[in-house]
Amino acid sequence: MTGRTPPLTALGFGAAQGGNLYRETSDEDFAAAVDTAWNGGIRYFDTAPHYGLGLSERRLGEALRSRPRDEYVVSTKVGRLLVPSPGTAHLRDPEGFAVPADHRRIWDFSRDGVRRALEASLRRTGLDRIDIVYLHDPDEHWEQAAYEAVPALVGLREQGVIGAIGAGMNQSAMLARFVAETDVDVVMCAGRFTLLEQGALVDLLPAARARRVGVVIAGVYNSGLLARDTPPSDAVYNYQQAPAEVIEQARRTARVCQSYGVTLPEAALAFVRRHPAVVSTVVGMRDEAQVTETLRRSAADVPDQLWTALYEEGLLDVRW
C-alpha cells in the first residue's frame, strides 16, 4: 500500500445507516454505535454525502468531534453534489434513505465539482480534514472521473488538503482501471470479493498488489444474504430479492461452515481478510447491538481447513 494511505483498522465502520438507510436511525442509536465501535478498537469510519443527503456526514462528524483527531481515519466521497430542492422537501428521498427529499443529487466529477463536494463535506462533518476521499460510483463517468476528478484530487493531496485518494464502486473492473491507469492510493470494492463471489480475484486484486494500492472491502454480506447463519428465502442480494439458486449456494456454504463450528457471517468476514491486498473491511452498522455482534463475528476463530473444504465443494474460486 502507498505511504500516503494512513493505517486502517482491520474492521471499519460503515456509516450509511447513520443516513437512515432503508429506515430511520435515531441520533442516540447512531452515537451509541460509534461509541461502541470506538471502545471495540475501530478507528476507521466511512461516510458519503449520498448517505441520507448529508445526514450521515453530519452525524458522524458530531460523534467523532470530541475524540483525538490523530487517532482515527475518516473517508468520504465525491461525485454527487447535493443541491437544495424545496419543491420536493415534502417527499421521501427516492434513493433508499428515510429522509426528506429536501436536496437532490447531481452527478459532477469535474474539477470544480470535486472541490465543491469536498468543501461541503468538511462543513457537514465539522472536521479539519478528510483522510481518504473516494470517487463515488463513477460507473457512467469514466472520462470525467479519470481525467478531471483524479487530477483534482491529486492536486489537493499534494497541497496537504486531503490524505489518500481513490474510488469506491460496486464493480471491480473499473476499479482495476483506476488502479492501473491513475495515481490512486486505495480503492473500496463493494460486493465483488466476498464468500459468495470472487470476481475481483481476476482483475482488481492482482492489479492492486502489482501497484501497491490498498483495497478496502465493503458489502461483505452481499447486501444481507450472508448476514445470517442460515439465509432465509426472502434474503436480499445486490439490493434486491436473491434468486433461488443464489440462496441455495449461500445455504450450502453455511452448512459447510457449520460443520467447522463457524457461522456464515463469521466466515464472510474472515475470508476477505486473507487476501494480501485487503487493508480493511467496512461493515455498515446502525446501533450498539449491531456493532457488538460485528465485533464478536470479527474475532471468531476460523480454521484454515474451512477454505479448502469450500474450494473442494466448488463454493470458492480460490484455494488459500
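Two strands pair if DSSP finds at least two bridges between them, and strands (E, at least two residues) and helices (H or I, at least four) are DSSP runs numbered from the N terminus. The model shown is predicted, so local features need pLDDT of at least 70 and side-chain atom pairs count only at pLDDT 80 or more, while totals for chains, interfaces and linings use all residues. Residues are numbered from 1 along each chain as its sequence is written, and side-chain values use heavy atoms, with hydrogens and water left out.

**View 1. Strand β6 and its pairing with β7 and β3.** β6 and strand β7 (residues 162-169) pair in the parallel sense over six bridges, and valine 133 has isoleucine 165 of β7 as its bridge partner. Strand β3 (residues 73-78) also runs parallel to β6, joined to it by four bridges, with tyrosine 134 of β6 as the bridge partner of lysine 77.

**View 2. Burial of strand β6.** Seven of the seven residues of β6 (residues 130-136) are buried, so the strand is largely enclosed by the rest of the structure; buried means under 20% relative accessible area with a 1.4 Å probe, protein chains only.

**View 3. The crossing of helices α3 and α4.** The axes of α3 (residues 111-125) and α4 (residues 142-158), which are lines fitted to C-alpha atoms over the stretch in contact, come within 8 Å and cross at roughly 50°. The contact (heavy atoms within 4.5 Å) is made by Arg111, Val114, Arg115 and Leu118 of α3 and by Glu148, Ala149, Pro151, Ala152, Leu153 and Leu156 of α4.

Definitions and conventions. Axes are lines fitted to C-alpha atoms, for helices over the stretch in contact, and angles run from 0 to 180 degrees between N-to-C directions. Buried means under 20% relative accessible area, exposed over 50%, partly exposed in between (1.4 Å probe, protein chains only).
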